[in-house]
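Here's a walk through one protein model and its ligand. Keep the sequence and the 3D view open while you read.

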Amino acid sequence: MAQKGETLVEVKDLCKNFGVTIALSHVDFVVKTGEIRGLIGENGSGKSTVSSIIAGMQPASSGEMFYKGKPWKPATMLEAQKAGIGMIVQEAGTIANISVAENIFLGNYDKFKNGPIINKVAMISEARKALEKIGVTNINPPATMTCRNASSSRSPSACTTTPNC
Ligand SMILES: Nc1ncnc2c1ncn2[C@@H]1O[C@H](COP(=O)(O)OP(=O)(O)OP(=O)(O)O)[C@@H](O)[C@H]1O
Ligand SMILES: [Mg+2]
């Protein structure tokens, strides 16, 4: 793991166009290990766009990114998650009628698989640890996801796939 204070993510001259809409125009910034950075801007200023490009949700139109000192161009969110970059999307990003634990590990069930069987006891136990890591003790991992607890599953989800979290 990178040492505290080292450059972790670097974005250089990043541009993103959606047709005639210029969402990002020559954006530069650096995130160091152990830092918490806020992106502040009015609606439509490009906060979600830049975050989603770093997290592999969509490509940039131009520019460069570096992660742990190496060029960074994730093709998918799963690729980014596996490398340690997760994103909690602005929209709820959860699926109703499956458990909180299943939502937390969505797309990442392989670690609990033994052949075709998913070890749900282990998944629930890991989900509980992920929730506790961010101070959530009032949500039961085996409970079925509803609108009321939807917003709480993506933060622990990012922590389970983001070692730098
Ligand atoms: N998929 C898309 N297709 C077309 N235009 C898009 C798309 N995604 C974003 N945009 C446009 O890009 C610009 C930046 O949008 P973005 O969602 O990144 O802003 P934001 O800062 O996250 O806004 P908010 O504060 O409302 O969340 C806006 O003009 C938006 O309409
Ligand atoms: Mg946004």
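## Ground rules

Two strands pair if DSSP finds at least two bridges between them. Strands (E, at least two residues) and helices (H or I, at least four) are DSSP runs, numbered from the N terminus. This is a predicted model, in which local features need pLDDT of at least 70, side-chain atom pairs count only at pLDDT 80 or more, and totals for chains, interfaces and linings use all residues. Residues are numbered from 1 along each chain as its sequence is written, while chains are lettered from A and ligands numbered from 1 in the order in which they are written.

## The strands

Let's start with β1 and β2. They pair in the antiparallel sense over eight bridges, and T7 stands opposite K32 in β2. The two strands form a hairpin with two residues between them, and G19 in that turn has a positive phi of about 60°.

β1 also runs antiparallel to β3, with five bridges joining the two. Here K12 has E64 in β3 as its bridge partner. β3 in turn pairs with strand β4 (residues 70-71), again in the antiparallel sense, over two bridges. For F66, the bridge partner in β4 is P71. β3 and β4 make a hairpin with two residues between them, and K68 in the turn has a positive phi of about 50°.

## Helix α1 and what covers it

Which residues of α1 are buried? They are T49, V50, I53 and I54, where buried means that 20 or more other C-beta atoms lie within 10 Å of a residue's own (exposed is 12 or fewer, partly exposed is in between, and C-beta atoms are placed from the backbone). These residues sit on the same side of α1 because they cover an arc of only 130° around the axis; that arc is taken from the directions from the helix axis to the C-beta atoms.

The cover over the buried residues of α1 includes β1, β2 (21-32) and β3 (62-67). V50 touches V11, L14, L24 and V27, leaving out residues up to four places away in sequence; a contact means C-beta atoms, placed from the backbone, within 7 Å. Just after α1, G56 takes a positive phi of about 80°.

## Two cores

A nonpolar core is a set of buried Ala, Val, Leu, Ile, Met, Phe, Trp, Tyr and Cys residues joined through C-beta atoms within 7 Å. The largest one here has 14 residues, and L14, V50 and I54 have the most contacts inside it. β1 (7-18) and α1 (47-54) are the elements that give two or more residues to this core, with the largest share, four residues, coming from β1. Apart from that core lies another, of ten residues, among them F105, M123, L131 and M145.

L131 is in helix α4 (residues 120-133). It counts as buried because it has 24 C-beta neighbours inside 10 Å. The C-alpha atoms of L131 and P141 are separated by 8.5 Å, and the two residues are ten apart along the chain.

## Around ligand 1

Now for the ligand. Its shell is F18, T21, A23, G41, N43, G44, S45, G46, K47, S48, T49 and Q90, counting a residue as near when its C-beta atom, placed from the backbone, lies within 6 Å. β2 and α1 are the elements that give two or more residues to the shell around ligand 1, and the largest share, three residues, comes from α1.

By class, this shell has two nonpolar, nine polar and one charged residues. Ala, Val, Leu, Ile, Met, Phe, Trp, Tyr, Cys and Pro count as nonpolar, Asp, Glu, Lys and Arg as charged, and the others, Gly among them, as polar.

Technical notes:
Two residues are in contact if their C-beta atoms, placed from the backbone, lie within 7 Å.
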